[in-house]
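Let's take a friendly walk through a structure and see how its chains meet. Have the picture ready and follow along.

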Amino acid sequence: MKLRSRRLLDRSLTGVSVMAIVLMSLSLLVLLGPIFSRGAAAFLFRATSEFRRFNLEQFNRGDSRRIAAESRAVAEARQPLYGMLAAFTAELEDMDPARRRELRQQFKEVRDLLRELLGPLPGEMDAVMLRQQYGQTRWDRARVTLQRILFSEQWDYSDPSRMGRKVLVPRRQAFAGTQLEPLFPHLQQNLKSMLQPRFTFYWRFLSDRSLDSHFFGGIWPEILGTFYLTLGAMLLAIPFGVIAAIYLSEFAAAGRLVSLLRVCISTLAGVPSIVFGLFGLAFFINTLHLSHSKSVLAGSATLALLILPTIIRAAEEALKSVPHAYKEAALSLGASPLRMVLTVLLPAALPGILTGVIISMGRAAGETAPIIFTAAVSVGRPLKLWETLNQPTPALPWNIYNLATEHQAVDQIRHVQFGMVLTLVLLVLLLNLAAIVIRARISRKMRG
Amino acid sequence: MKTNERNLVMSDAASRLRRLAAFFSKGFLFLVAAASLVAVLLIIVYIARDAIPFFKLRGLKELFAGTAWFPSGNPPEFGALAIFIGSGLVTLGAILVAVPLGIAAAIALSDILPYRLRQAVKPVIEILAALPSVAYGFFALVIFAPLLQNHGGSLLSLAAWLIFLPLGLLIAFAVSEIATRSIRADVAPAARWLLAATLAAVLVRGLAALSAILKNVAVSSGTNAFNVSIILGIMALPTIVSVAEDSLQAAGRELREGSYALGATRAESLFRVIIPAAGSGIIAAVILGVMRAIGETMVVWMASGNAAQVPQPWFNFLSPVRTLTATIAGDMGEADQVLGSERYHVLFALALCLLLISFFANLASEWILRRQARRLGGLK
Amino acid sequence: MIQPTLANIRAAAEPATADYGGRQAHVACDRFSFFYGDNQAVRNVTLDFPSFQVTAIIGPSGCGKSTLLRSINRMNDLIPGGRTGGRLVFDGQDVYGPRLDVVTLRRRIGMVFQKPNPFPKSIFNNVAYGRRLHDGPAKGRLQEIVEASLQRAGLWDEVKDRLDDNALSLSGGQQQRLCIARALAVDPEVLLMDEPTSALDPRATARIEDLIAELRGRYTIIIVTHNMQQAARVSDLTAFLYEGDLIEYGATAQMFTKPRQKRTEDYMTGRFG
Ligand SMILES: Nc1ncnc2c1ncn2[C@@H]1O[C@H](COP(=O)(O)OP(=O)(O)OP(=O)(O)O)[C@@H](O)[C@H]1O
Ligand SMILES: [Mg+2]
């Protein structure tokens, strides 16, 4: 082949492989970008006066006098609007029946949406559901509702060759000439004073319980549940994992049995996580009866099995990288092998073991499939420590799934879902960062 | 005791005690270490125990050959062929995404990028590996699926340009190079350029036509095999990249230098010496990556559409599918957990299939990696 | 049938190579330096490696012998932070010149490493490897070239019946000769050898030394060695490096009998290093 074409091939290989790296990094960015930007909106957003009223009434939080003053200002700002509603209700009575029928339905829609936006309208009975007692607590959601008030969605099927197209029709048109017509521009112009949006850093999103199935409040039960599950899994897996690693690296003579052990460890690492879930159900719950049904304990035990191979491998790696000279020095001073392990080997290998432990902690925190049948429920309160023995719990990964797919108003609580994902991802990233830092420390110590 | 201090020989009793203690402590360590063996056995036993009643009741044929999956019907039907095909399809898609990308990235990491950049890329891989699968699933469902549904055609045509243009240009150059090899030297360059330009023009025309077709593809639902394949591919990447890179590294500097010293270019050294030497490790990497894709639950459960139907035609990636893992996760909630019924046992039967697949794939990769270590070890 | 010796293959392939006989320096260093980051491993070395002679480079461990040797065919290119100073000339062309083609350079300058490093391929494919790269799949003559190279490396008789066996099944000494054959097969003009016998037993070492003696006069050979006797036995010229500096350079016979520098003598008599 000509030298030129050989070089061309060489360059294209370089190009292709660099492109692969770029694509890989890009996909990470594309993945994390929305999670971070939209997840942050769960914590940092423009909160409306409804949010502050909610916090005062439900959590007893905030300066009650200032909030009362704000409520008065808001009520004042809303007064003209409510006036228009009342005027139109009266006007509706006097209309000819055909037009009345046509408009009544539309008017009901407007009223429903206004209730969603601003909370109960004057003169209405107290609603049962919490979500009906308050308007939009977030300005971004309020804007969405405003759009739905201003425009109604209709489907245009005029072109039979294509699928229907969504068109937005201003509601104002339907009410042209009535007392309600000025409501729409008025609402658009004065919504800010009716809701008083203000930037808020809602860090208590992490520590608040959820109210009315995540319409309000935070994600504390999920965080606590994830914490319990992870902690339990680590407590169960670390002793087994580290002891197994000590055995494999220090005491096991190479032989059939040990290689069988190793095959088992890698097999265990390869078992799909959903199979762990089924096993946990069949063994821990239905056979051992660790608990009557799902519980944190059963979930932790299942997760512990899942991360056992990771811990064994990391710990064995760490133990093996302890210089031989250390061990021999200890043995030559007359320490028994077991003593050597406890006094020399384990302390020296500790940072390495810790790295593995931290990484598997991230894994345990993020796994969903093993806890579906063993520990997770969609709605629950924060558990006390002893309740973990026989009670199921909400957990971040499970509730992300649940809220994103099975919640009755998936679209309205996107911010909560993103906030949960961000929390989980940050948790895992921080754990990994810690592992990276420890690893860097170790390699620096080994070098100098 | 004092007199004994210089005596190296222990008394009988003391020696027996010492040996007994050593034996027991070692035995204890072994027992704990055997936990993973016990766990593997228990998993196999317990999954099989609940799977066998299903096979006893309904036999093998229905599950593996039937396409009607109505476990809650009356009478219930348990034809899981569509589910197996669904698993196969998304795995195939994930392979198509992850294998070329992963191997190219592994090559870049082991041989092409400068050291500094390599260190910068490593965390990217670690993060990709560490992200919880539910986060991937959430992304697939909430961000990728709507994107696909609303702009699917444009996305597909963009992807076609991105993939086929560089590849096609490369092939065009290679073909023109080879075709003009035997032409007289003075006209060869002109002929080569002419040919390359023609081929490139044809390529661009072809791509334009293809992208016009793709643009008009209507994606009826964003939750489909295509979506899941891409996400699973990305999830499998870290495994493939890191295992493949390890085995490329393990081929060693000596081999590389030997090849370079003979005047080989980097591509030649890689393709003729390094990759053949590291080949089995790369295969193992692919197996492990594929296992990650087959065993993944959350992404497919959330974003595959969960329709137990055989895609028409079978390679139609834009149709919703249902996989083994998602079936287990989704149907267990409805199945009668405690009493045990066919609906409960069939899920264990599916899990048993999954377990066996992963078991054998794992053994294969283990065996391959070990053989390679031995072979490369012999080299040194 | 014409006996395919390497010499007549070369004559047929590249008649120009015969011209080097008259030229003095085949490879020449002119105040050449090499840096690993801030560490200057070769310092302003000026010396000529004349054509068709065997030049030995000796010196204590870490003095920069390998670095100098690997600079000649630019094997040091891959080292991050490596850079050069001064000039290094091969066949009248600046090795570190901006437009130099490394592939052709390495093709014309063969290298044999300290540890034998055959590729995990068959014996035949090992020897044919370089040739295939440069010529493309020209099947017919490959057979002849492989045979000629193996013969030149003194390995033919031992392996002629097992050319398809894996090269890793050979002994260490055989592997090293295979590597030499592999290098010879691409028809180099210069052969760089970095301690080629340090991993071998005395008998295999003797075989390689004989081989070098046979190759002398056809190739310009530059050999790094820690073995003084070996340097004395195989080389025409000897260069003594110490901490990156060229201390002394001259005819081997003279260097070993009456070195001009005190340090050279000290090193040769084993007082340091
Ligand atoms: N890759 C490298 N990166 C940084 N420094 C290096 C590298 N290789 C060699 N050096 C340094 O350059 C100096 C010369 O090394 P070189 O390998 O050339 O010595 P040498 O004479 O061949 O030694 P030996 O006889 O032990 O092979 C040494 O100080 C060494 O530490
Ligand atoms: Mg050296």
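This is a predicted model: local features need pLDDT of at least 70, side-chain atom pairs count only at pLDDT 80 or more; totals for chains, interfaces and linings use all residues.

## A tour of the chains

Leu162(B) is part of helix H6 of chain B. Together with Leu158(B), Ile163(B), Phe164(B), Leu167(B) and Leu210(B), Leu162(B) makes a nonpolar surface patch of about 550 Å². H6(B) provides the largest share of this patch, with five residues.

Now let's turn to the places where chains touch. How big is an interface? Its size is often expressed as the accessible area that is lost when the parts come together. Here are the two interfaces side by side.

| Interface | Residues in contact | Buried area | Share from carbon and sulfur atoms |
|---|---|---|---|
| Chain B and chain A | 83 of chain B, 83 of chain A | about 7,300 Å² | 79% |
| Chain C and chain B | 24 of chain C, 17 of chain B | about 1,900 Å² | 67% |

**Chain B with chain A.** How many salt bridges does the rule find across the interface of chain B and chain A? There are two. Arg6(A) forms a salt bridge with Glu268(B), and their closest N and O atoms are 2.6 Å apart. The rule also finds eight residue pairs in polar contact across the interface of chain B and chain A, both residues being at pLDDT 80 or more. Helix H6 (residues 133-179) of chain B gives the most to the side that touches chain A, namely 13 residues. Sorted by class, that side of chain B has 62 nonpolar, 10 polar and 11 charged residues.

**Chain C with chain B.** Two salt bridges are found across this interface as well. Glu254(B) forms a salt bridge with Lys115(C), with the closest N and O atoms 3.4 Å apart. On the side of chain C that touches chain B, helix H3 (102-108), strand E6 (109-112), helix H4 (123-135) and helix H7 (172-185) each supply at least two residues. H4(C) gives the most, with four residues. This side of chain C divides into 14 nonpolar, three polar and seven charged residues.

Finally, two details of the backbone. Most peptide bonds are trans, and most residues other than glycine have a negative phi. The bond from Gln312(B) to Pro313(B) is cis, with omega near -15°. Pro313(B) sits in the loop between helix H11 (298-303) and helix H12 (324-332) of chain B. Asp212(A) has a positive phi, near 50°, and is found in the loop between strand E5 (210-211) and strand E6 (216-217) of chain A.

Note on methods:
Residues are numbered from 1 along each chain as its sequence is written. Chains are lettered from A and ligands numbered from 1 in the order in which they are written. Side-chain values use heavy atoms; hydrogens and water are left out. Contact means heavy atoms within 4.5 Å. Buried area is the accessible area (1.4 Å probe) that two parts lose on being put together, summed over both. A salt bridge is a side-chain nitrogen of Lys or Arg within 4 Å of a carboxyl oxygen of Asp or Glu. A polar contact is a pair of N or O atoms within 3.5 Å; within protein, one must be able to donate a hydrogen and the other to accept it, and residues adjacent in sequence count only if both atoms are side-chain atoms. Ala, Val, Leu, Ile, Met, Phe, Trp, Tyr, Cys and Pro count as nonpolar, Asp, Glu, Lys and Arg as charged, and the others, Gly among them, as polar. Patches are made of residues with over 30% relative accessible area and no salt bridge: like charges are joined within 9 Å, nonpolar side chains (Val, Leu, Ile, Met, Phe, Trp, Tyr) within 5 Å. Accessible areas come from the Shrake-Rupley method with a 1.4 Å probe; for residues, only the protein chains shown count as cover.
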